[in-house]
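Biologist: I've never looked at this one before. Could you walk me through it, starting with how some of its helices pack?

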Amino acid sequence: MRFKKLSEFKDYCEKLKKEENEIPKIKVCITGCRAAGSIEIFEKFKEKIENSKKIKLVPTGCQKFCSGGPVVKVEFDGSSVLYEKVSLKDVDKILKKTEKKEIVDELVLKNENFLKNQTFKVLKLCGEINPLDVDDYIKNGGFSSFLKVIEEYTPEKVIEELKKSKLRGRGGAGFPTYLKWDIVRRKESDEKFVICNGDEGDPGAFMDRTLLEGVPFQVIEGMLICAYTIGAKNGYFYVRAEYPIAIEHIEKAINILYDIGLCGKNILGTSFSFDIELKKGAGAFVCGEETALIASIEGKRGMPRPRPPFPAEKGLFEKPTCINNVETFANIPIVIKEGGENFSKIGTERSGGTKIFSLAGKIKNTGLVEVPLGTPLWKIIYEIGGGPLEGRKIKGVQTGGPSGGCIPIELFNTPVDYETFAFLGSIMGSGGMIVIDDKVCIVELARYFLDFVQKESCGKCIPCRIGTKRMLEIFEKIISGKGEKEDLEKLEELGNYIKENSLCGLGQTAPNPVLTTIKYFRDEYLEHIYLNYCKSGQCKNLTYAPCTNSCPAGVDVPAYIEAIENGDFIKSYEIICKDLPFPSICGRACYAPCENMCRRKDIDKEVGIRILKKFVCDYAWEKGLSVKNFTKFKPQINKKVAVIGGGISGLTCAYFLSREGIRVDIYEKEKDLGGVVKNCIPEFRLPEKIVKKEIEDILNDRIKVYFNKILGKNIEISELEKKYDAIYISIGTETRSIEKLKNVYDGVEFLRKVKSGKIKKLKGKIGIIGGGNVAIDCGRTAKRLGAKDVYIIYRRTEEEMPAHKFEIIEGKMEKIKFYYLLLPEKMENEDGKVKVILRKMKIADELDKDGRRKIMPTEEKIVQYFDCLIYAIGQKTELNKFFEYNEINKFYNRVEGRKIFIGGDFLRGPSSIIDAIGDGKKSAFLIIEYLTGKKMEKFWMKKIEKEMIKPEKIEEYPKQSAKFLSLKERLKSFKEVEKNISKKQAIIEAKRCLKCHLEK
């Protein structure tokens, strides 16, 4: 039907809106979910439903939750339910349940916060209607804004409403929409143009594509209103050819509107005429810049030109031209429908409305996100995005694509708006938002984006063409291990010059990813430069294997796993011993950062690297072998080093120094060696006989030990500096000073007294304050000592507990109760009990500097009585008693200008065994470099000594797990809980290794 009069079309719209259809609907995304097989699912539904009057099948655009694809929505009785990860086998089940108006519970979207925390305005109809059914669009209010403008508004009135709305261009710089339109409107010309910029070229961005695919009529309606307002008779869609679905939908939508009389000459019988043409872009990123885009439409090479004049004055074919991006045009019908003032009630003081982001990257929930402008970043990433992937930590977010910048997690309270992003060195851009975690290398990320814009540079201006090339060359130097500190200054100087002198927006923003990452993640650059170390394991020239790279001790994991696979367990143990002086301790008490970086984890489950280490260590011990059998000493040299602290870090440093021929004197404040590892870690996790044996095995005649020596009391740093060629300090942490009350213990002291036999029994109700591994150890120990009930009280939520997740699970297995969001305020003895007043905490609406949700006190308090209370919090380093923090070079673990090196908990604060070992080993090699002038050995880099074959396919070996003592067995003794795996299990688990190190 072609409508020749306005009244005809209005009557038709009213008729459609009155139509009622009560039958259930099944809506299937046929756009973005195609990649996951939604077309096949749609066709199967279609086949089953064909000619049915009980259910209506609707093909739709994106339903926003991309990580749940294929997505299907079912509606009946005025409510709806979203199903995720739907497969062909689910079709019959969904149909049967829908006919009965019942829900398939197992398919229901689990991450409901993803949609619940959004504000859908522009995306309201996307995923709800058939993109190519104009009647469906009209039923849902489509073209009502266009009719309102044609009938009631003058062009000036439209401009006035846009001004009130505070709508700003959604394509990048955020130029006020009303101002751009008004400039074109006022310009005298015989011809004017409207252009919809659909050249969305940012990696990770898919907002405009989704709108073009899902609500093409909404975008065209915005263009019609624009054309009417500025006096244009011709318009263009400029859409990159890589968007075939968008192009198909736009072409069909335009043809439909021509057929019904909403495009062409004298639209709906009025004097308003508007023709639309589609231009396919060839994919040049620079054509997203408006003057380059115009050149491309004109049939010229897509290259920008100097501005002014701006396109609003002299654009397409030298005529006044209004260019807006897809999302901006999609907002226009909403502004007219709601009115400018109502529209501006959402957003910020300077920017009205919502903004769509394509949320992607290292995050649980990915997809399209629409939120009011001014929404804090953390709400998008944590409340909507669901936070980091399991076992990962979010590092920052890249906004604005290759032209944007990287914002670190400590700035996630930042509101999303144009000015704030610009202040931070980034841009909003069209709305790409890529979350990055600790598995992403910042240096490589910046290099990737720089490489992208360098290749996409049109080459017209020298600053962009040559400057980005020079910057890229510096990056190649850094990631190959040849970088220098001065390179960062060169990058900053070049970047700022390119920003100031480039011709167009591409060059003016190209350095943003580099400049922001250097500003906010400078330490990561310096690690690449000073240590030739890539923490994330992405830079191939600086990484041997992700597992080895993430191990603080640099253990050759692939080599020892291959030896296990071949059944050579002694060889495996020998490989471990080359890098690790305490292999059996680590086989039991390491938190296994290597497993967290294991690439097998991305497929199914990580390789059990720690349990394999434990297996070969126990196997070697049964054969009478230890680290001592594989320790090789170099000739002695005339150098002597003092190690202050006989814990695991100090012992590691002493061991590696002695291997290199250096004499070491260890000064320890206790009467034995091993520190908290020997004296505090419970037997059920780490038997003391293993600790004692491995300490004995690393001692040799080049190491002397002096007990009862306390730094600052009976030994002084100044005296040691005169006596020794170098000093390594690793004296651990000091414990919290707590109120002296009966039956109240510090956590570390409690564990120490238990191991020394001073505390042998507990009874009744035990309270533990804290959320770290010490708190869990105290709780599990209390259970074994006879405590009836054990409560761990933590001021935050479980997700934020610093204890390793495995330890929390073990604590729950042993019936420990966990109380969260409670903060101890006061404690006292009363009637033989410990009375504790706890204040309830609540989660605040912002993050702290570490990227955790802030907590704040409420007025509510509770009182608890315990037979014993253990404070397992508050350990801190004594570093500031001896040195200023600005004196410490954290890359070289050294006090600047002095022969003093530091590490372990003394440097870090409370940390882990493997981190302490890593500090000791790294400091030993740095001391050797300092004493001998030899370049420090990069012990995390290994050589492939023989030909190894990377498997052609990934074998589906099941993950092998150890068995554990039963709850009854656990609680009646301190016997080690985790049993060993068998030889057969070890070989199968070793076969699961993907041999990533062979990818180079």
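Biologist: In which kind of crossing does α34 pass α35, left-handed or right-handed?
Modeller: First, this is a predicted model: local features need pLDDT of at least 70, side-chain atom pairs count only at pLDDT 80 or more, and totals for chains, interfaces and linings use all residues. Residues are numbered from 1 along each chain as its sequence is written, and side-chain values use heavy atoms, leaving out hydrogens and water. Helices (DSSP runs of H or I, at least four residues) and strands (runs of E, at least two) are numbered from the N terminus. A crossing is left-handed if the near helix is turned anticlockwise from the far one by less than a right angle, right-handed if clockwise, and α34 passes α35 in a crossing that is left-handed.

Biologist: And how are α34 and α35 oriented to each other?
Modeller: Helix α34 covers residues 773–784 and α35 covers 805–813; their axes (lines fitted to C-alpha atoms over the stretch in contact) are 10 Å apart. The packing angle is about 20°, on a scale from 0 to 180 degrees between N-to-C directions. Under 35 degrees counts as roughly parallel, over 145 as roughly antiparallel, 65 to 115 as roughly perpendicular and the rest as oblique. So α34 and α35 are roughly parallel.

Biologist: Which residues of α35 make that contact?
Modeller: Contact here means heavy atoms within 4.5 Å. From α34 come Asn 773, Ile 776, Asp 777 and Arg 780. Facing them from α35 are Glu 807, Ile 808, Glu 810 and Gly 811.

Biologist: How many charged residues are in the contact of α34 with α35?
Modeller: Ala, Val, Leu, Ile, Met, Phe, Trp, Tyr, Cys and Pro count as nonpolar, Asp, Glu, Lys and Arg as charged, and the others, Gly among them, as polar. By those classes, two residues of this contact are nonpolar and two are polar, while the charged ones number four.

Biologist: α34 has another partner, α33. Why are α33 and α34 called oblique?
Modeller: Helix α33 (residues 747–755) packs on α34 with the axes 9 Å apart and an angle of about 40°. The two helices are therefore classed as oblique. On the α33 side, the contact uses Gly 747, Val 748, Phe 750, Leu 751 and Val 754, and on the α34 side Val 774, Asp 777, Cys 778 and Thr 781. So the reason for calling α33 and α34 oblique is their angle of about 40°.

Biologist: What about α24 and α25: at what angle do they pack?
Modeller: α25 spans residues 569–579, and its axis is 7 Å from that of α24. The pair is therefore roughly antiparallel. The angle behind that is about 170°.

Biologist: Last one: in which loop does Pro 309 lie?
Modeller: Pro 308 and Pro 309 are joined by a cis peptide bond, with omega about 0°. The bond from Arg 307 to Pro 308 is cis too, with omega near 0°. Pro 309 lies in the loop between α12 and β8.
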